[in-house]
Amino acid sequence: MALFLALILDRILGDPPQLWSRIPHPAALVGQVIGWADRRFNEAATSETARKQRGLILIGGLTLGALGLGRLIDGVLDSLALGFIGNIVLVAILLAHRSLIDHVGAVATALRQSNSSDLEAARTALARIVGRDVTGFDEPKIVRAAIESLAENFADGVVAPAFWYALFGLPGILAYKAINTADSMIGYRTERHRAFGYGAARVDDLVNYLPGRLAANLLRIAARLTRGARVAHGQVAADARQHASPNAGWPEAAMAYGLGIALGGPRTYEGGDIDGAWLNDRGDRGPDVNTIDAAISLTNTAWLLLLVLAVLFAGAMALVS
């Protein structure tokens, strides 16, 4: 039941900026450790092999440290009369549904307040949630990129942490967040991080394997419930296999078919251009700002389905115990 309440709390409060202006967010603390390790160990390495080895040691140390910290916090909270509430609050902090919806919604708001000749505000809002070069993006490209980010981050910012908490409690969700933060910082195929971030990227692929597919199925069911769209598992699987990521393609493909639009395609990152495959190749490649609203609605329905799963899981665990 803690997961159910944490999902609700995150949906209501999100990440209050006034709170994190006074104390550092847990992910920011992990990020500081990773940044220090990147400067201290990656820059000092004299070969690709040494960088890869040091990166593997880093991700192993982060994972073990997060697991240990989770067990320690679990023990402390268990000894407190209101420890259950502390557990719920901590898990809610590590979920990101409300902040994800807010950030993607901000792109739609900026688009509506812009005109076709000046989309800079919308590009700025988009740049906050994607890692690609958004220079010169027109409205359809902005919309597609925002929806792709929404789908991918629903998987790794909401479904995955909930999944690992359900299985392993605080140690599971803390370890997942450490791994995912490392991947977001050093898991890129750039000259600097290709070797050092290898371990982070591979471990992140592993821990997102099941959650990515779960998120895709939640979005498929949500599309049927809200839009009457029949999204076949085979369609999603076939397109997902063409994606550069072994996991991100699943929720993105489910979202593309659910909305009747094409996602993916060629894109530019800091590490260079990627000639990505189109997901739902026959879908509309020129979506407008209203499609972002539809994508948010679809994601909110998928979140409700996740909420139902949390209740069912809690009930099953209660029966087993």
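Helix H4 (48-78) and helix H8 (139-186) are among the elements that cover the buried residues of helix H3, where helices are DSSP runs of H or I with at least four residues, numbered from the N terminus. The model is predicted, so that local features need pLDDT of at least 70 and side-chain atom pairs count only at pLDDT 80 or more, whereas totals for chains, interfaces and linings use all residues. Residues are numbered from 1 along each chain as its sequence is written, and side-chain values use heavy atoms, without hydrogens and water.

The buried residues of H3 are Gly31, Ile34, Gly35, Ala37, Asp38 and Asn42, buried being under 20% relative accessible area, exposed over 50% and partly exposed in between, with a 1.4 Å probe and protein chains only. These residues lie on the same side of H3, because they cover an arc of only 165 degrees around the axis, taken from the directions from the helix axis to the C-beta atoms. On the other side of H3, Gln32 and Arg39 are exposed.

| Residue | Helix | Helix residues |
|---|---|---|
| Leu5 | H1 | residues 2-13 |
| Leu305 | H13 | residues 289-320 |

Leu5 is partly exposed, with a relative accessible area of 33%. Leu305, by comparison, touches Leu218, Ile221, Ala222 and Leu225, leaving aside residues up to four places away in sequence, where contact means heavy atoms within 4.5 Å. Although Leu305 and Leu218 are 87 residues apart along the chain, their C-alpha atoms are separated by 6.6 Å.

Conventions. Helices (H or I, at least four residues) and strands (E, at least two) are DSSP runs, numbered from the N terminus.
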